[in-house]
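The following note sets out numbered comments on the two-chain model under review. Each point may be checked against the coordinates.

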Amino acid sequence: MAPRKVISVKLTQDKIREEAEQFRKEHIFTPDLPVDIEHIAEATMGIRIIPIESLQKHCDMEGFISKNFTSIYVDEFLYTDDRYYKRVRFTIAHEIGHFVLHRSTIDNQYFRDEEDWITFRMGINDETLGWFETQASEFAGRLLVPIDPLIEEFRSKRGFVLKKHSPWDSKPLNDDDLFSLIAPLMCKRFDVSAEVIERRLRKENIIAILGR
Amino acid sequence: MKTSFASFVREKRIAAGLTLREFCRLTGFDASNWSKIERGLHAPPQSKKVLEEITQVLKIETESQDYKELMDLAALASVPEDLVEPEILDQLPVFFRTVRGENPTEDELKTLITKIRSAWHHER
């Protein structure tokens with residue numbers, strides 16, 4: 001049998017934004033932050049969260065959604081340790097991203113047995129996988145960090161950061177420096193990592209929207 | 001369909017606005033074991049003290065209908081002999097988030113199958 005191919009679906013940023021907003025309308029009934037992603041998965045989508053011991057250590061995985069979309073598996077240690085729970089929240093949102101964006105691709109895969117699944121997984125090239133993973137992460141970022149509160153937080157914190165880090169005799173902060181200094185101050189409200197906030201600020205082109 | 005302890009406590013936990021993680025933190029249960037109880041793969045606890053702690057965390061009032069139902073379901077519950085494990089192929093992922101951002105090795109994929117199977121293994 002010819003090796004099966006997974007074709008990368010190249011969704012635009014606008015399409016991912018649209019899908020994330022549609023999902024928000026259908027599944028999130030409160031503007032409260034942080035987004036209670038685990039509750040949404042369980043209560044409104046009926047997906048089980050299943051912690052697995054040493055998933056990361058033994059399989060190099062943080063989490064995944066099952067092929068039939070009934071379960072999201074997460075690493076038990078990351079799941080129960082406060083220091084890593086932000087990562088788990090993002091992983092759950094990312095897996096929901098696969099459900100929303102890549103459902104037909106996933107549905108179209110059929111495995112005869114476990115060996116067939118291993119052959120399938122080993123055969124997907126990194127570039128193709130990269131597309132799917134990047135899109136799911138983009139969706140997760142948009143879901144956990146909605147645009148309006150992102151702008152609001154940036155607006156409320158930037159003056160403080162610019163003042164604190166712009167001594168009279170040094171060069172003004174460039175955008176990258178500003179983002180990396182402001183992101184740790186903004187992430188608490190969204191309960192995501194500073195890296196996620198930085199990525200969102202860049203993707204939304206926040207400087208073009210608000211100026212510095 | 002008759003309510004089981006597993007589905008009853010899961011429903012009450014979600015209704016109480018508690019994630020699996022929060023529930024386990026409040027009760028001291030191990031998350032993967034409690035997840036198995038909620039899937040009917042492990043028998044529920046039988047100790048009255050533990051069951052009462054569970055009702056407190058789930059905000060179920062003592063002697064309420066829900067309290068009685070939870071106690072009854074725990075007393076009756078056992079893992080069914082004919083419990084069918086889910087189709088492992090349906091539980092396997094097409095995509096997953098890896099730490100190093102590369103496709104896992106064959107050994108890692110085999111280990112994953114073992115772990116998923118173990119997550120659905122039921123104990124009588």
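1. Of the 124 residues of chain B, 49% count as buried. The model is a predicted one, and its chain B comprises seven helices and one strand. Read from the N terminus, the order of these elements is α-α-α-α-α-α-β-α. Among the contacts in chain B with a separation of 6 or more, 62% are made by residues 24 or more positions apart.

2. The interface deserves attention next. In chain B, 43 residues are in contact with 61 residues of chain A. The area buried between the two chains is about 4600 Å², and carbon and sulfur atoms give 59% of that area. On the side of chain B, the residues that lose the most area to chain A are B:Arg21, B:Phe95 and B:Arg97, which together account for 21% of what that side buries.

3. The polar side of this interface may be described as follows. Between chain B and chain A, 20 residue pairs are in polar contact, both residues being at pLDDT 80 or more. The elements of chain B that give two or more residues to the side touching chain A are helix 1 (5–15), helix 2 (20–27), helix 3 (31–38), helix 6 (88–91), strand 1 (97–98) and helix 7. Helix 7 gives the most, with 11 residues. By residue class, the side of chain B that touches chain A divides into 19 nonpolar, nine polar and 15 charged residues.

4. How many salt bridges does the rule find across the interface of chain B and chain A? It finds five. A salt bridge is formed by B:Arg25 with A:Asp82, whose closest N and O atoms are 2.8 Å apart.

5. Helix 3 of chain B is mostly covered, since seven of its eight residues are buried. The buried residues are B:Ala31, B:Ser32, B:Trp34, B:Ser35, B:Lys36, B:Ile37 and B:Glu38. Which elements cover them? The cover includes, from chain A, strand 1 (48–52) and helix 4 (76–80); from chain B it includes helix 1, helix 2, helix 4 (48–57) and helix 7. Helix 3 of chain B is followed by B:Gly40, which has a positive phi near 75 degrees.

6. B:Ala119 lies in helix 7 of chain B, which spans residues 106–119. Is B:Ala119 buried or exposed? Its relative accessibility is 8%, so B:Ala119 counts as buried. Leaving aside residues up to four places away in sequence, B:Ala119 touches A:Ile50, A:Ile52 and A:Tyr73 in chain A, and B:Lys36, B:Arg39 and B:Leu41 in chain B. B:Ala119 and B:Leu109 are 10 residues apart in sequence, and their C-alpha atoms are 15 Å apart in space.

7. Helix 5 of chain A (residues 85–101) has 17 residues and reaches 24 Å from its first C-alpha to its last, close to the 24 Å expected at 1.5 Å a residue. This helix is mostly covered, with 14 of its 17 residues buried.

8. A:Glu95 is found in helix 5 of chain A. With a relative accessible area of 0%, A:Glu95 is buried.

9. The peptide bond from A:Leu33 to A:Pro34 is cis, with omega near 0 degrees; A:Pro34 is placed in the loop between helix 1 (13–27) and helix 2 (37–44). A:Asp191, although not a glycine, has a positive phi of about 55 degrees. A:Asp191 sits in the loop between helix 10 (175–190) and helix 11 (194–203), and is partly exposed, with a relative accessible area of 22%.

10. A:Asn205 is a residue other than glycine with a positive phi, near 55 degrees. A:Asn205 lies in the loop between helix 11 and helix 12 (206–210) of chain A. At 47% relative accessibility, A:Asn205 counts as partly exposed.

Conventions: Residues numbered from 1 in each chain as written. Chains lettered and ligands numbered in written order. Predicted model: local features only at pLDDT ≥ 70, side-chain atom pairs only at ≥ 80, totals over all residues. Heavy atoms only, no water. Helix = DSSP H or I, 4+ residues; strand = E, 2+ residues; numbered from the N terminus. Buried < 20%, exposed > 50% of the residue type's maximum accessible area, 1.4 Å probe, protein only. Contact = heavy atoms within 4.5 Å. Expected span 1.5 Å × (residues − 1). Buried area = accessible area lost by both parts, 1.4 Å probe. Salt bridge = Lys/Arg side-chain N within 4 Å of Asp/Glu carboxyl O. Polar contact = N/O pair within 3.5 Å; in protein donor to acceptor, adjacent residues only side chain to side chain. Nonpolar A, V, L, I, M, F, W, Y, C, P; charged D, E, K, R; others polar.
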